[in-house]
Amino acid sequence: MDHLNYLLKIKLDELFVLEKEYIKTYKHKYQNNRDIAYAKVLACQKEIIEILKSNYDKFS
């Protein structure tokens, strides 16, 4: 369970950084980078969801 918590913390920290980078694309009008930044956010969110799905029984 500790490994799962550690993995989720890493992914959530990564998501936080990616979301900040995505927000910067709007502030600085880096439209070319916006799609890439958004794709990275979505990919990280999907990874977190997959981790949670695969370990659902451990949370019950």
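Is Glu50 buried, partly exposed or exposed, and at what relative accessibility? Glu50 counts as partly exposed, at 47%. Here are some notes to read beside the structure.

1. **What you are looking at.** This is a predicted model, in which local features need pLDDT of at least 70, side-chain atom pairs count only at pLDDT 80 or more, and totals for chains, interfaces and linings use all residues. Residues are numbered from 1 along each chain as its sequence is written, and side-chain values use heavy atoms, with hydrogens and water left out.

2. **Helix H1.** Helices here are DSSP runs (H or I, at least four residues), numbered from the N terminus. H1 covers residues 2-27.

3. **Inside or outside?** Buried means under 20% relative accessible area, exposed means over 50%, and partly exposed lies in between (1.4 Å probe, protein chains only). The buried residues of H1 are Leu4, Leu8, Lys11, Leu15, Leu18, Tyr22 and Thr25. Notice the lysine in that list: Lys11 has a relative accessible area of 15%.

4. **Salt bridges.** A salt bridge is a side-chain nitrogen of Lys or Arg within 4 Å of a carboxyl oxygen of Asp or Glu. The count comes to five. One of them joins Asp13 to Lys9, with the closest N and O atoms 2.8 Å apart; these two are four residues apart in H1, about one helical turn. Another joins Lys11 to Glu14 at 3.2 Å, N to O, and Glu14 is partly exposed at 33%. Lys11, Glu14 and Glu47 are linked in a network of salt bridges.

5. **Back to Glu50.** Its side chain meets that of Lys53 in a salt bridge of 4.0 Å, N to O. Both lie in helix H2 (residues 31-54), three residues apart. Lys53 is exposed, with a relative accessible area of 56%.

6. **Tyrosine rings.** Rings of Phe, Tyr and Trp (its six-membered ring) pair if their centres lie within 6.5 Å; planes under 30 degrees apart count as stacked, over 60 as edge-to-face and the rest as tilted. There are two aromatic pairs. Tyr22 and Tyr26 form an edge-to-face pair, 5.4 Å centre to centre with 85 degrees between the planes. Tyr22 is buried at 19% relative accessibility. Tyr22 and Tyr38 form a tilted pair, 5.4 Å centre to centre with 40 degrees between the planes. This pair links distant parts of the chain, with Tyr22 in H1 and Tyr38 in H2, 16 residues apart.
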